[in-house]
Amino acid sequence: MTIEILGISVLWLFLFGYVIVASIDFGAGFFNASTIVTNKHHIVNSVIQRYLSPVWEITNVFLVFFFVGMIGFFPKTAYYFGTVLLIPISISIILLALRGSYYAFSTYGSKGHKGYTLMYGVTGVLIPASLTTALIVSQGGYIKELPSGKIELDYLTLFTSPFSWSIVLLSLVSVLFISASFLAYYSAVAEDKEALKLFKKYTWIWSFPTIITAFGIIIEMKWHNIAHYEGLLSLWWLFALSLVCFIISLLLLKRGRYGWSFVFVVLQFALAFYAYGVSRYPYLLYPYLTIYDGFTNETMAKALVIVFILGLLLLIPSLYLVFKLFIMNKPYIQNKKG
Amino acid sequence: MDSVEFSRYLTMLTLSVHVIFATVGVGVPLFIMLAHWLGLKNNDQHYLLMAKRWARGYVISVAVGVVTGTAIALQLALLWPRFMEFAGQLVALPLFMETFAFFFEAIFLGIYLYTWDRFKNPKHHFYLLIPVLLGGAMSALFITSVNAFMNTPQGFSLLNGELINIQPILAMFNPAMPTKVAHVLSSAYMTAAFLLASIAAFHLIRGNRHEYHRKALALTMKVGFLFCIATALIGDLSGKFLAEYQPEKLAAAEWHFETEGEAPILLFGVLTDNNEVKYAIKIPYALSFLVHSNLSGEVTGLNDIPRDEHPPYIIHYFFDIMVSIGIGLTLLSMIYLIGVNRNWSFIKLKLFRFFLVASGPLAMLAIQAGWWFTEMGRQPWIMRGFMTTAEGATDSDYVWLMFIVFAFVYFILMVGTAVVLTRMFKRNPMEKELEKLNGNGSDIG
């Protein structure tokens, strides 16, 4: 394995970490807000608050981690993505800013403020959509080269392309699916029957759209980027495995094994996510940038890998502690006073 | 105005907002820790409640700090893509380490907040603050080292535009780093002390005579005074550093045009169009003394520096604001401490307490002025000696639009934070909580 591949694998891992923790977070915010509208808020409120409060800041760090690592390992991406994505990523930043602060305001400040809760829910759906722009652009085909040599995002093509909208759709439905699956598990631990019933229902509702859009995108890829399409096809067995995990997770859900069901949801996404990542090889930004021509110098890469390993030695025990205290801790989860 | 100008303004805006919350984020954990420790040691409910209440306010500030921090992290690449492309190969290491440090802080802060009364041994809960404090200090250290690198880049060579011989550790431990990091840390602790002191003084001025506020004021002023002294000493070292490595910044800060010995320090004043200083207070020999520790040492003047490398002369005012506030706060805390010790009555006067209330906001103003001074002082460079600000900026045409949008968002955030913080503490006064605490404790939420 070359150090370039090691670098991108590490980053892909971070991105996957972000996708999972952020999905739970975004989805929870959405369910929390939508149940206000449907008058079912009292059912889910306690479970969601119990989970979110101690971990919400950790979610953001995953994103910054990915981002800083990306510029560290592949400094050229700063130029391409930075120049092109000024507006879409600024929108994400603003949404993240509003979301983070309003969460804190409503949790620690004026409890149960409905406006803040709604804001938290709405931004939770918009952020995945705006962040997805980066992924869509990296597929290629959305960058204009101006005569002056400048590069610019081609907004018209972006907004009129069914392909880009399918990716946005996929990100939305999978956020809700992952989140519902996790919250079903969490409410099962909390022995909160009503919340469990609701989240179980949500998991079913969002499961099939996820898998349908995912396959839709693979097919659309044929017209969008034939090389990438063939790359995807050559990894068909990984996608098939992902589908198997999906089916197993639903079977487990039906049998009431919520923890394992969630594990298989994560596996399903991990397989698909890595298969997708491998199929793009070696492009970071098609066709401008590969992982080889955008790579940092050897010395820095090694230093980053060393720091990364040392950092993990610090992080994994700490995350385990969080897990033990808040996520796997029955007395904490069940404690209704707060 | 073009994208370069707007990129500069937007960066300045984001950083000026972020630095408020970042300073609180680095500084306040020390005081939560001191109060918590005093509370455990003396079995004093007042200090324990103090730790709890400070922690609760602290979370709000951390939340806004996280989001503005995320904003600046992403904006670096959005607004300065060419700079990040170049410097990313040199400073990725401290940037990466900063996120680890921050991660560490975030995890343990979350645990600390939600585990009041969950440990059998209360000391275990207290120990959770150590990683919070360390994480905050470490992230300040790493991120400041990146900024220091931009001021004094080293650890690489350039051969026909290609970077060779890269040494990440050397780049991190650049000449500007030690003084900068030390100054940032001690001034953050100092500012946090005065901010918390102003809250206590505010309650005293309003006629609240509770012992709790007196204890809070005494604790924060003592520690504040110590960090005033530390900050001043480090500030002196920073001046010596500037004279050696960035003479143009020091010369612009002092409106020092002629290279000469026996150089004076100028306080305040105005600069005329033909670079004459008027109405300034002149302290003879002081600049020479500051730089060389003797009265006649020669200090480089702006006339010996190429004109297109001059920083804007306006930084003189920022320098003055920072230094005057620093000296003022040192005197204020000193008088307070002596006054308490000798039972002077005037420290209980409304006027004196008014100064105490003002001390927190003033300290924050000094932080802002200090950063404006240091950042504008390295104009026209983004990476001194290697890349100008104009070369590093984006050429996107929409930066002006983003500037307006972000200005609006930050305004909402600041107002929101202020409203939530005041409401939070007003609705839940300390006395009420103390009563409840004597019953039984509960989680922070």
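**Notebook: chains A and B**

I began with the charged pairs and found that B:Lys215 forms a salt bridge with B:Asp44, the closest N and O atoms being 2.7 Å apart. Because B:Lys215 lies in helix 8 (residues 211-245) of chain B and B:Asp44 in the loop between helix 1 (3-42) and helix 2 (45-79) of that chain, the pair ties together parts that are 171 residues apart in sequence. I note here that the model is a predicted one. Over all chains, the rule brings the count to 6 salt bridges.

I stayed with the loop between helix 1 and helix 2 of chain B, where I also located B:Asn43. The phi of B:Asn43 is positive, about 50°, although this residue is not a glycine. I then looked up the peptide bond that joins B:Gln379 and B:Pro380, and recorded it as cis, with omega of about 5°. B:Pro380 has its place in the loop between helix 12 and strand 7 (381-383) of chain B. I keep both entries because most residues other than glycine have a negative phi, and most peptide bonds are trans.

Next I turned to the interface, where 68 residues of chain A are in contact with 64 residues of chain B. The area buried between chain A and chain B comes to about 6100 Å², and carbon and sulfur atoms give 79% of that area.

I then asked which helices of chain A supply the side that touches chain B, and listed helix 2 (41-73), helix 3 (76-84), helix 4 (86-109) and helix 12 (298-327), each of which gives at least two residues. Helix 4 of chain A accounts for the largest share of that side, with 17 residues. Sorted by class, the side of chain A that touches chain B has 43 nonpolar, 19 polar and 6 charged residues.

My last entry concerns a nonpolar patch on the surface of chain B, whose residues, including B:Trp344, B:Phe346, B:Phe354 and B:Phe355, have about 1000 Å² of accessible area together. Helix 11 (315-342) and helix 12 (350-376) of chain B each supply at least two residues of the patch, and the largest share, 5 residues, comes from helix 11. B:Ile327, which belongs to the patch, is a residue that I placed in helix 11 of chain B.

Conventions. Residues numbered from 1 in each chain as written. Chains lettered and ligands numbered in written order. Predicted model: local features only at pLDDT ≥ 70, side-chain atom pairs only at ≥ 80, totals over all residues. Heavy atoms only, no water. Contact = heavy atoms within 4.5 Å. Buried area = accessible area lost by both parts, 1.4 Å probe. Helix = DSSP H or I, 4+ residues; strand = E, 2+ residues; numbered from the N terminus. Nonpolar A, V, L, I, M, F, W, Y, C, P; charged D, E, K, R; others polar. Patch = residues over 30% accessible without salt bridge, like charges linked within 9 Å, V, L, I, M, F, W, Y side chains within 5 Å. Areas by Shrake-Rupley, 256 points an atom, 1.4 Å probe, with all protein chains shown as cover. Salt bridge = Lys/Arg side-chain N within 4 Å of Asp/Glu carboxyl O.
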